[in-house]
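Biologist: Hi! Could you walk me through this one? I'm still new to reading structures.

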Amino acid sequence: MTAVRHPVLTIENLSIDYLAETTVEAVQDVSLTLYRGEILGLAGESGCGKSTLAYGITRLLKPPAFITGGRVLFSSREGYDLDLSELSGDDLRAFRWDKIAMVFQGAMNSLNPVLRISEQLEDVFSTHRPGMTKAERRRRCGELLERVGVDRDRLRAYPHELSGGMRQRVMIAMALALEPQVLVMDEPTTALDVVVQREILQEITELRSELGFAVIFITHDLPLLLEISDRIAVMRAGRIVELDAAPVLYTQPKHPYTRRLLSSFPSLTGARGDFVRTGSLGADTSLEETTQTPATEEVAS
Ligand SMILES: Nc1ncnc2c1ncn2[C@@H]1O[C@H](COP(=O)(O)OP(=O)(O)OP(=O)(O)O)[C@@H](O)[C@H]1O
């Protein structure tokens with residue numbers, strides 16, 4: 001029996017242009033559905049429009065980027081539908097933290113260097129949950145940090161006292177603070193040591209099972225995407241050229257570009273390349289080249 005899947009985001013014919021000296025049609029007529037609780041990977045080479053699509057979905061685009069067509073619908077687990085293009089100003093900002101949160105590659109560098117982690121995490125609650133008591137905020141912040149694998153006594157630390165991996169975990173904790181239904185992650189671990197990267201990804205996959213949010217996960221690292229995603233959309237020159245369940249995409253790619261993309265990763269196709277997809281980042285999962293690097297990242301100063 002197939003389980004019924006409920007959409008959480010429906011992207012309909014979305015087009016985004018950069019209206020610079022020459023117009024760049026960065027996202028062209030993209031339609032896709034993100035289902036509740038799934039991890040949808042977005043693959044494609046540099047410049048194909050992945051980040052532009054992510055920013056377009058979350059309405060974080062800045063000029064010269066403009067949405068020239070289409071819409072994004074959010075279907076809340078509470079049972080209502082919302083057209084994101086109808087939101088603006090404070091409503092949009094509230095929506096963004098509450099229902100959809102984002103984590104970017106450089107997010108860890110956006111922590112305020114002069115504020116303790118506790119102040120920065122608590123600020124999310126003070127702003128969005130003004131009814132919460134101070135004690136409740138403290139407790140929630142401690143829980144959140146532990147959820148992403150950081151000891152709660154780190155709440156008192158300043159960002160420079162934490163390693164890059166820990167700071168990125170703090171950003172993930174912050175993104176999860178209000179229990180969003182969608183998490184958009186754009187190369188969230190790319191700047192990190194590969195061992196730390198794997199640990200964080202494992203936590204994300206566990207947390208989505210526990211908390212039920214859906215993830216749009218963007219990376220140029222196709223082997224990684226095959227491992228963590230339920231479905232993968234392959235993007236090329238602004239368009240989705242193929243979208244399928246990760247194992248199907250890997251074993252029976254239909255589009256010539258998908259085949260080319262797969263063949264550009266030796267770990268997927270080379271002599272060593274019997275890529276094994278386990279469905280989750282278990283301890284025994286092999287990601288080929290990536291497991292040899294020593295775990296230096298988590299040594300905080
Ligand atoms: N501010 C801008 N002005 C003009 N063109 C832009 C701007 N930002 C991005 N582009 C163009 O839009 C297209 C899509 O870029 P985008 O950053 O979304 O791709 P990407 O797939 O996320 O790439 P990467 O993996 O390198 O981040 C590219 O052709 C890029 O050159």
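**Around the ligand**

Modeller: Happy to! This is a predicted model. Helix H1 gives the most to the shell around the ligand, supplying 3 residues.

Biologist: Nice. How many residues surround the ligand, and which are the closest?

Modeller: There are 14 residues around the ligand, and the closest are Tyr 18, Ser 46, Lys 50, Ser 51 and Thr 52.

Biologist: Which strand and helix each supply at least two residues of that shell?

Modeller: Those are strand S2, covering 23–35, and helix H1, covering 50–57.

Biologist: And how do the shell residues divide into nonpolar, polar and charged?

Modeller: The shell has 6 nonpolar residues, 7 polar ones and 1 charged.

Biologist: Switching topic: what feature does UniProt place at residues 9–262?

Modeller: The UniProt record, an unreviewed entry, lists "domain: ABC transporter" there. In the model, that span is 37% helix and 28% strand, and its end C-alpha atoms lie 27 Å apart.

Biologist: Now the helix pair H3 and H4. At what angle do their axes cross?

Modeller: Roughly 115 degrees, with the axes of H3 (residues 117–128) and H4 (residues 134–147) coming within 9 Å.

Biologist: Is that crossing left-handed or right-handed?

Modeller: The crossing of H3 and H4 is right-handed.

Biologist: Which residues meet there?

Modeller: From H3 you have Ser 118, Leu 121, Glu 122, Phe 125 and Ser 126, and they meet Arg 137, Arg 140, Cys 141 and Leu 144 of H4. By class, this contact of H3 with H4 holds 4 nonpolar, 2 polar and 3 charged residues.

Biologist: Thanks, that helps a lot!

How values were computed:
Residues numbered from 1 in each chain as written. Predicted model: local features only at pLDDT ≥ 70, side-chain atom pairs only at ≥ 80, totals over all residues. Near = placed C-beta within 6 Å. Helix = DSSP H or I, 4+ residues; strand = E, 2+ residues; numbered from the N terminus. Nonpolar A, V, L, I, M, F, W, Y, C, P; charged D, E, K, R; others polar. UniProt positions renumbered as here; feature names shortened; annotations may be inferred. Axes fitted to C-alpha atoms, helices over the stretch in contact; angles between N-to-C directions. Left-handed = near helix turned anticlockwise from the far one by under 90°. Contact = placed C-beta atoms within 7 Å.
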